Amino acid sequence: MTILAVTMNPSIDVQYPLDHLQLDDVNRVTTVRKTAGGKGLNVARVLHCLNHPLIATGVLCGYFGQYLQSRLEADGIRGDFAQIDGETRSCIAILHDGGQQTEVLEKGPTLTADDAAGFLDHYRGLLKKVDLVTISGSLPGGLPTDFYAQMVHIGHENGVPVFLDASGAALRAALEADDKPDLIKPNDEELGALIGETVDRTDLARMQQQLQNPLFDGVDWIVVSLGSKGAFAKHGDGDFYQAAIQKIDVVNPVGSGDSTLAGLAYATDRHEAAADVLQTAMTCGMLNTSEAKTGFVNPDRFDDYHAKVTVTKF
Ligand code: ATP
């Protein structure tokens with residue numbers, strides 16, 4: 001009943017609201033928000049909102065790593081990270097000039113081979129305490145492209161399913177490995193990049209063909225999230241589902257993909273039936289869009305949003 005939410009390259013997310021961003025000059029900020037950031041930490045926060053047991057993990061380093069851990073503790077989120085040398089990164093978002101967002105993103109630490117081995121040992125220890133793993137986001141520098149593939153394999157050696165929300169070479173390596181992730185959640189663009197084709201979110205018959213690409217053989221769930229169009233999914237030996245959602249008022253869509261992954265993990269860990277897993281996942285994505293905070297859902301509105309999702313076999 002416990003989910004391990006992995007973020008290999010977490011950050012302290014800093015928000016600077018400014019009426020106007022003045023280049024090549026001093027900009028003074030009066031209200032600063034600093035949060036524990038990273039896609040897997042959004043997953044952890046949503047699971048926490050849903051009152052589901054979880055452990056957040058990944059690598060932390062330096063004083064900024066300690067600060068991040070303290071922010072998580074202040075939110076009541078259980079973290080158990082491997083410590084390495086260096087400094088955890090900061091990612092700065094300047095919100096300015098009526099809706100513009102300028103971001104400055106640090107790359108983060110570069111891991112050594114010893115750091116990688118140390119993290120995998122730490123991960124093996126945590127697998128004894130959890131029933132499902134989610135892995136989200138990009139790999140930090142220094143780790144091999146097949147690092148997530150290794151984590152999937154180690155998960156399975158310990159009898160724990162692994163859901164992977166990544167993109168690019170790390171996702172491809174996990175799909176090309178012998179041991180497949182149990183679930184992937186590309187959006188339409190990420191799916192297109194994977195198979196080298198354009199994906200049209202309105203042409204589900206074509207998407208059904210595209211999901212039969214041999215690259216996906218052996219992956220139990222492929223959930224393609226489609227923003228306001230809901231999702232299209234392939235499950236098991238070849239069941240396809242469309243999840244349609246009603247139009248809702250969107251406040252902040254950032255992190256909806258992470259909330260969707262949290263919903264997929266939450267529902268799976270509760271042994272919900274396939275269609276219900278999708279309905280819960282869409283509900284979490286939608287709930288996130290209706291909040292200003294990233295990676296946050298209000299459980300009091302769950303039933304209301306759940307009723308706005310229709311899942312049908314395709
Ligand atoms: P992100 O990278 O911002 O975390 P994503 O591209 O991975 O997101 P999306 O497909 O945009 O993921 O969104 C995930 C889910 O969130 C959707 O399947 C849907 O349930 C919900 N969602 C996202 N955008 C909207 C929207 N505009 N209206 C309603 N629901 C939305």
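Which residue is the bridge partner of Ala5 in strand 8? The partner is Thr134. Before going further, I note that this is a predicted model, in which local features need pLDDT of at least 70, side-chain atom pairs count only at pLDDT 80 or more, and totals for chains, interfaces and linings use all residues. Residues are numbered from 1 along each chain as its sequence is written, and side-chain values use heavy atoms, with hydrogens and water left out.

Strand 1, residues 3–7, pairs with strand 8, residues 132–136, in the parallel sense over five bridges; two strands pair if DSSP finds at least two bridges between them. Both belong to an open sheet of ten strands with mixed pairing, in the order 5-4-1-8-9-10-11-12-13-14. Strand 5 (82–84) and strand 14 (309–313) are its edges, each pairing on one side only.

Overall, the chain has ten helices and 14 strands, which are DSSP runs numbered from the N terminus (helices H or I, at least four residues; strands E, at least two). Its radius of gyration, 19 Å, is close to the 20 Å that the globule rule gives for 314 residues, so the chain is as compact as a globular protein of that length. That radius is taken over C-alpha atoms, and the rule is 2.2 Å times the number of residues to the power 0.38.

Finally, of the contacts (heavy atoms within 4.5 Å) between residues at least 6 apart in sequence, 66% join residues at least 24 apart.
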